Amino acid sequence: MRNKSLKVNAFLNSLRSLLSIIFPLITFPYVSRVLSVSGIGKYNFSNSIVSYFTLIAALGISTYAIREGAKYRDSKQKIDTFASEVFTINVFSAIIAYILLFISLAIFVKLHSYIACILIYSIQIGFSVISFDWLFTIYEDFVYITIRSIVFQLISILLLFVFVRRSDDYLNYAAITVFSAVGSNILNFYKVKKDHRICLTLHCNLNKHILPILILFAANVANLIYVNSDITLLGLMTSNYIVGIYSISSRIYTIVKSLLSAILLVTVPRLAMLYGKRKISEYKNLLSRLTNMLVLLILPSMAGLIMLSKQVILIIAGNHFIRSTTSLEILTFAYIFAILAWILSDCVLIPAKREKYVLYSMTLSAVLNIVLNIILIPYFSENGAAISTVIAEMSMLISNYFYSKDLIRDVFISKDLFNTFRTSLIGSIGIIISCLLIESLCSPVIVTTILSIFISVFVYLLVLIGFRNPYVQPLLRQLLGRFI
């Protein structure tokens, strides 16, 4: 394994995220029509339950391993020792997760009607131990991850069209989803075994690892609660139909968020390495470029998705899910808070070993999200859950900035970032006007959507060029240089 350039990594991760959008665009319209709203609701509720136990198995290992392992990647012996210790801890956490899952299934009667789907999903818990995604991230080896992802997505599509044919085939859909994850993890395991000597060990150095891992685990629990509590509480307080409606808007929100964060994810190990080696000037320069680039992507994405939310719902899910439009429009406002908060947690606080402050922020957001869900869901159903998510993400951003401002005040409160916000905002207004004009001239949904996307991108780029945005001009010069 060897590290690639950030440009290559960003391209590969963006490609993987783009495919994560394209493949659902192919499969989800089919699945939503075959399974119906109720079937989608059962599928997503079961997934939300298992995700809590998957998190117990994962602890805070991945985040911790990326941060600490980046220091050892130049020494094969040290990285193998470190990986074996982390792997051993992960095995024991997975065993504990299974024990707690089976106890929960025995105790909570509400879960009995979902038990088959939950057990299928639980297969992922055991196989997550051998995924070693964090090791590939340490070495910035995104080529393998991207190829593996494409292969299993293609196989899953074929299986989907063969085995998901009726409204009661949601169990088959769950099994195919699990197959994709488990298959990827098995391939990861064999590839890692070729390059590294990793095994169970009795010498885990728990005193060194366990405290930061548990702190990150607690932060991840809080994060999962405020991410998944929407679906869980909707399932407990409303019906499968409402869960199905919200699942569509939540799925679209998550897909776009994953695409936006592709650049961020590949930059995290590089930032952790720079901060760990105390190369603060290089660290802040890279962090500044990352933040500005993401702002340039977030605001137009928000504007475009708000304007095209109805069309997107119709194309992906069909008329039965048109009610999801409002909750999707509400969720879209969370992007700016979520991505910026993510930068501050994963790119600033965790590399600086301030994970306890990430825990504080996550806990506050989780509690706030649960309370707001309990208050708002009875009155506004899925829209109440969406509002809760937006407020929770805003709370996360405010808290993270408070705990990291002494480190990055000159990055987040800067003329450079202000100019980027201003330019992006003007460009986003151009997108809104473009979408309104196209909608008034065209009626077919697919035509309106395609034209709106292409013209919006063109208008936005014109605005960035007109304002001489320093982050766009170099990219354009490189592109033009290849064709002229």
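Helix H1 gives the most to the lining of the second largest pocket, with four residues. Keep in mind that this is a predicted model. The elements that give two or more residues to that lining are helix H1, residues 6-58, and helix H8, residues 206-237. Sorted by class, that makes seven nonpolar, two polar and one charged residues. The space in this second largest pocket is about 200 Å³.

Next, a pair of helices. Two packed helices are described by the angle between their axes and the distance between the axes. For helix H2, residues 61-69, and helix H3, residues 76-107, the axes come within 11 Å and cross at roughly 170°. An angle over 145 degrees counts as roughly antiparallel, so that is how H2 and H3 run relative to each other. On the H2 side the contact involves Ile 61, Tyr 64, Ala 65, Glu 68 and Gly 69. On the H3 side, the residues are Ile 79, Phe 82, Val 86, Ile 89, Asn 90 and Ser 93. By class, the contact of H2 with H3 has seven nonpolar, three polar and one charged residues.

Where does Ser 122 lie? It lies in helix H4, residues 115-128. Is Ser 122 buried or exposed? Its relative accessible area is 5%, and the cut-off for buried is under 20%, so Ser 122 is buried. Setting aside neighbours within four places in sequence, Ser 122 is in contact with Val 50, Tyr 98 and Leu 101.

Methods:
Residues are numbered from 1 along each chain as its sequence is written. This is a predicted model: local features need pLDDT of at least 70, side-chain atom pairs count only at pLDDT 80 or more; totals for chains, interfaces and linings use all residues. Side-chain values use heavy atoms; hydrogens and water are left out. Buried means under 20% relative accessible area, exposed over 50%, partly exposed in between (1.4 Å probe, protein chains only). Contact means heavy atoms within 4.5 Å. Axes are lines fitted to C-alpha atoms, for helices over the stretch in contact, and angles run from 0 to 180 degrees between N-to-C directions. Angles under 35 degrees count as roughly parallel, over 145 as roughly antiparallel, 65 to 115 as roughly perpendicular and the rest as oblique. Ala, Val, Leu, Ile, Met, Phe, Trp, Tyr, Cys and Pro count as nonpolar, Asp, Glu, Lys and Arg as charged, and the others, Gly among them, as polar. On a 1 Å grid over the protein atoms alone, a cavity is a set of points where a 1.4 Å probe fits but cannot get out, and a pocket is an open set with protein on both sides within 12 Å along at least five of seven lines; lining residues have an atom within 4 Å of a point. Grid points are joined across faces, edges and corners, and a volume is the space filled by probe spheres set on the points.
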